[in-house]
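Open the structure in your viewer and keep the selection panel at hand. The tour below goes from one selection to the next and says what is there.

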Amino acid sequence: MGMKTKIALGAVVGIAVIGALSANSDGGDGDAKSDSRTSAASGEQSGGAKSDGATSDGAKSGGASEAKPAEDKAAEKGSQADRFKAFVQKNGTATEKQAVSHVTKVQGAEEQNDILDTADVYTDFTGGIMGEGTGSAKLIASAFADWKDSDNGLVTVYDAEGEILGNGEF
């Protein structure tokens, strides 16, 4: 095989690898995919009630559930941190609620491709890994794993100065 043939073959293989990797990335359609996954998960976690007020067996539920979709839509329009806090307030334990009250910002929770998902949660704790927020960081990571699901996700919790407090899988 000639040198030119080897170079051409290498270029074709390289292009094929790049194409395969880009096919697995979001490519702009990840937002709609993520939103549908999030809405399905929230429908399942509300006791089998779907977002239109129907239960999983198709029957309409009572009038109290009809007001909830409006609340859910308002929470969906907030920041990622607001949606995370609202989820924990609704579904978390008392210690998780207390820990999540220190969350100031969440990044990366919407863009998921199930290959290598990463999310960052920022808090108002100080002192880094030796500070007061280390135990709460594990609670925050656990609550995040309840909120989002990924085949291969890692959430990292940071303090107010950007130092790592802890991390966990989701």
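## The whole chain

Read from the N terminus on, the elements of the chain follow the order α-α-α-α-α-β-β-α-β-β. That gives 6 helices and 4 strands, where helices (H or I, at least four residues) and strands (E, at least two) are DSSP runs, numbered from the N terminus. This is a predicted model, in which local features need pLDDT of at least 70 and side-chain atom pairs count only at pLDDT 80 or more, while totals for chains, interfaces and linings use all residues. Residues are numbered from 1 along each chain as its sequence is written, and side-chain values use heavy atoms, with hydrogens and water left out. Of the 170 residues in the chain, 28% are buried, meaning under 20% relative accessible area, with exposed being over 50% and partly exposed in between (1.4 Å probe, protein chains only).

Select the strands next: 4 of them form an open sheet in the order 1-2-3-4, with mixed pairing, and two strands pair if DSSP finds at least two bridges between them. At the edges are strand 1 and strand 4 (164-169), each of which pairs on one side only. From one strand to the next, the twist averages 20 degrees. Strand 1 and strand 2 run antiparallel and are joined by 4 bridges; to find the pairing, look at V106, which stands opposite V121 in strand 2.

Now pick T156, which lies in strand 3. Is T156 buried or exposed? T156 has a relative accessible area of 9%, so it counts as buried. Leaving out residues up to four places away in sequence, T156 touches A119, D120, V121, I164, G166 and N167, a contact being heavy atoms within 4.5 Å.

Show helix 6, which lies across strand 1, strand 2, strand 3 and strand 4 and runs at about 30 degrees to strand 4; axes are lines fitted to C-alpha atoms, for helices over the stretch in contact, and angles run from 0 to 180 degrees between N-to-C directions. In helix 6 you will find S136, which is buried because its relative accessible area is 14%. S136 touches A99 and F125, not counting residues up to four places away in sequence.

To see where they meet, select Q80, R83, F84, F87 and V88 in helix 4 together with I140, A143, F144, D146 and W147 in helix 6.

## The nonpolar core

Finish with the largest nonpolar core, which has 22 residues, and in which F84, V103, V106, V121, I140 and F144 have the most contacts; such a core is a set of buried Ala, Val, Leu, Ile, Met, Phe, Trp, Tyr and Cys residues joined through side-chain atoms within 4.5 Å. At least two residues of this core come from each of helix 4 (80-91), helix 5 (94-100), strand 1 (103-107), strand 2 (117-123), helix 6 (134-147) and strand 3 (153-158). Helix 6 gives the most, with 6 residues. As a last stop, centre on I140, which touches F84, A99, V100, V103, V121, T123, F125 and V157, again not counting residues up to four places away in sequence.
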